[in-house]
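Dear colleague,

I am passing the structure below to you for your records. A short account of the findings follows it.

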Amino acid sequence: MEDNLPVNVREYQELAKKALPKMHYDYINGGAEDEYTLRENIAAYGRILLRPRVLIDVSKIDMSTTLLGYNMPSPIIVAPTGAHKLANPEGEVATARAAAACNTIMVLSFGSSCKIEEVASSCDAIRFYQLYVYRRRDVSATLVRRAESLGFKAIVLTVDTPVLGRREADIRNKMVAPRMANLEGLMSFDDDIDSKGGSKLERFAHETLDPSLSWKDVEWLKSITSLPILLKGIVTAEDARKAVEVGAAGVIVSNHGARQLDYAPPTISALEEVTPPAGRIHLPSPDSGHAAHMQMRGMHVQPAASVMRARRRAVTATYGGGRLRGAAGTDSGPGCRCRWLRRWRGPCRCWWTAGSGGAPTCSRRWRWAPRQSWWGGRCSTGWRRAGRPGRGTSSRC
Ligand SMILES: Cc1cc2nc3c(=O)[nH]c(=O)nc-3n(C[C@H](O)[C@H](O)[C@H](O)COP(=O)(O)O)c2cc1C
């Protein structure tokens, strides 16, 4: 092994900072507005600690899983990110080859700097196509049809971007929107856009993205493709439920790398809300036409893995999955083991210990109300009545 190769993703990040023009590094690295959620996206992982069990044979580790029925060696996929040529002259073609070499799925971004055809012919692999909905529906529809005819296996509809997030670094840098290769011949570009101040990317997005994007557009998308549709950018249980109702094959829990709405919850915390704990909720059987609902408990609701944070996320996703699926009673004991409550040093008032004495984990208090209404259960503690207002209080409590 070469001496100076980076050993973790932070070291790659340092190298990228040195190698890239500031405008491009800031675009890749930055978040929306105050970048509070951007910081929280990382900090929230730090608050989740592993709980190691010992004397278990680890000579053979199997992290394999399936996504939409496709086998993968580990629960990591490549999230859609635009404009790879900003960082590598081969752009998404290089990323596609890397993903194929790892036997993982790549989601090709709508904003890619290589054409769908170039990526499709670069190597043999399972790929999904990410879609933004433009005011000009014909443009979005054409790209869906192109991806479908080139063998892409699913459409990932990004639902958190009816408008582009306010990315202040891009505004300061007057970020120039890289031309999206797939739009060539489909749209004319306003060359005058380059002569005005601010983020040109933001202005381009403002002119093209459809701010009226709504649930009815999922119906529209279903009407133009037979591919399964994943909704990317869901961070609440309510929206996950709605996604299932409108027939999505799955959801990708994501806050878009904190690039859209600042002060949204960090992705890993949102995962806790969206993934129902097993045994606490009635799930329809897979053969009742609600297979997608079942899938929400598994791979489909894991956060999209960004290349920069993939390693850290893999650990947490595995941990999160195991913990949320942990059977009630397997590890229970007196008192609440929930580390949120332990940290507050208050008495345990969570339903699991107060009401059922079951599971060893519980969610933070303010998470309780949405979960309860999700389960349709009855509040056995009563603390919600006295709970802080404005935290999604349920009328049942
Ligand atoms: C430079 C960059 C470009 C991105 N471009 C897209 C994009 O074109 N489409 C999209 O849906 N998400 C895009 N994303 C968001 C990622 O797909 C992914 O959601 C994010 O990096 C990880 O955050 P998450 O764990 O909250 O999903 C981009 C992220 C970055 C850092």
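A nonpolar core is understood here as a set of buried Ala, Val, Leu, Ile, Met, Phe, Trp, Tyr and Cys residues joined through C-beta atoms within 7 Å. Please note that the model is predicted.

By this definition, the largest nonpolar core holds 55 residues, and the members that touch the most others are Leu131, Ile155, Val156 and Leu231. For Ile155, leaving aside residues up to four places away in sequence, the residues touched are Tyr129, Leu131, Val144, Leu221, Thr225, Leu227 and Ile229.

Regarding secondary structure, the protein contains 16 helices and seven strands. Five strands form an open sheet in the order S3-S4-S5-S6-S7, and their pairing is parallel. Strands S3 (106–108) and S7 (250–253) each have a single partner strand and stand at the edges, so one side of each lacks a neighbour in the sheet. On average, neighbouring strands of this sheet are turned by 30 degrees against each other, direction ignored.

Within it, Gly250 in S7 stands opposite Leu230.

As for the protein overall, 37% of its 397 residues are buried. Of the contacts between residues at least 6 apart in sequence, 69% join residues at least 24 apart.

Yours sincerely

Notes:
Residues numbered from 1 in each chain as written. Predicted model: local features only at pLDDT ≥ 70, side-chain atom pairs only at ≥ 80, totals over all residues. Buried ≥ 20, exposed ≤ 12 C-beta atoms within 10 Å, placed from the backbone. Contact = placed C-beta atoms within 7 Å. Pairing = 2+ DSSP bridges. Helix = DSSP H or I, 4+ residues; strand = E, 2+ residues; numbered from the N terminus. Axes fitted to C-alpha atoms, helices over the stretch in contact; angles between N-to-C directions.
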